[in-house]
Amino acid sequence: MKLLIDAGNTRIKWALVNGEDWLRSGILPVEQAGDMLQIIPRSQEIQQIWVSNVAGVEIAQHIRNIASGKSVQLHFVVAREAQCGVRNGYASASSLGSDRWAALIAAWHLAQRGCLIVNSGTATTIDTLSAQGEFLGGLILPGVELMQLSLVGATAQLKSVPGEYALFPRNTADALYSGAIQASCGAIERQYALLDDDSAPVILSGGAAGLLQPHLDQKTFSIPPRIVDNLVLQGLLLMAREANV
């Protein structure tokens, strides 16, 4: 049995997997990382823990506590030059975030062809795989919420008020929200155009995927962008299977 953990900037996602069966899963805020021992199962049947952690050393220690005193193999994944059919084109392979690397591996497993992978949470990453499974590179930009908060924090007269999407916003809250959506979707559509492959799929994941999907220009894509949940966790499971440990 394997425990998969995706520790992101704001949320920690986990899943308990036995063979092909996803038995249990959950999400908790990073601020509650100290509660992981009570929330995440400590079943004696867990043999391996596979982790993508971009949340820092304190969160890593909380994760280590789960395995403490148990005969469990603990793996904190790091991006490699090649793994699970994907080749890493980053200038320094290991400097690519483990979450992006795991998502790329999961996306390649799903698509088996050139594609665009968008993971939108605190940050939005827009990564590109070639038809040969090579990671060509990608963008990192603030997520939808962070874009709005950065403007509110840096501008004296703006206030953090929930807004709604509008093509031509007529109040400040809607302008902030619509601007963040348009900027994110524009970046996705621009990167997709650079692929120069109208049949390439777009895979969306992350907490804000559902916000972005309805506002992407469907005329840009021959295949509608689809949301795939737990892309990072799926990538971790593929790594574990390839390692066969």
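User: What should I know before I start?

Analyst: The model is predicted: local features need pLDDT of at least 70, side-chain atom pairs count only at pLDDT 80 or more, and totals for chains, interfaces and linings use all residues. Residues are numbered from 1 along each chain as its sequence is written, and side-chain values use heavy atoms, with hydrogens and water left out.

User: What is a salt bridge, and how many does the structure hold?

Analyst: A side-chain nitrogen of Lys or Arg lies within 4 Å of a carboxyl oxygen of Asp or Glu. This structure holds 4 salt bridges.

User: Which residue meets Glu 20 in a salt bridge?

Analyst: Arg 241, at 3.2 Å from N to O. The two are 221 residues apart: Glu 20 sits in the loop between strands S2 and S3, Arg 241 in helix H7. Helices (H or I, at least four residues) and strands (E, at least two) are DSSP runs, numbered from the N terminus.

User: How do I read exposure?

Analyst: Buried means under 20% relative accessible area, exposed over 50%, and partly exposed in between (1.4 Å probe, protein chains only). Glu 20 is exposed at 62%. Arg 241 is partly exposed at 36%.

User: Are Asp 127 and Arg 100 buried or exposed?

Analyst: Both are buried. Their side chains meet in a salt bridge of 2.6 Å, N to O. It links strand S9, which holds Asp 127, to helix H3, which holds Arg 100.

User: Which residue forms a salt bridge with Arg 113?

Analyst: Asp 197, with the closest N and O atoms 2.6 Å apart. Both residues lie in loops, 84 residues apart. Arg 113 is partly exposed at 28%. Asp 197 is partly exposed at 24%.
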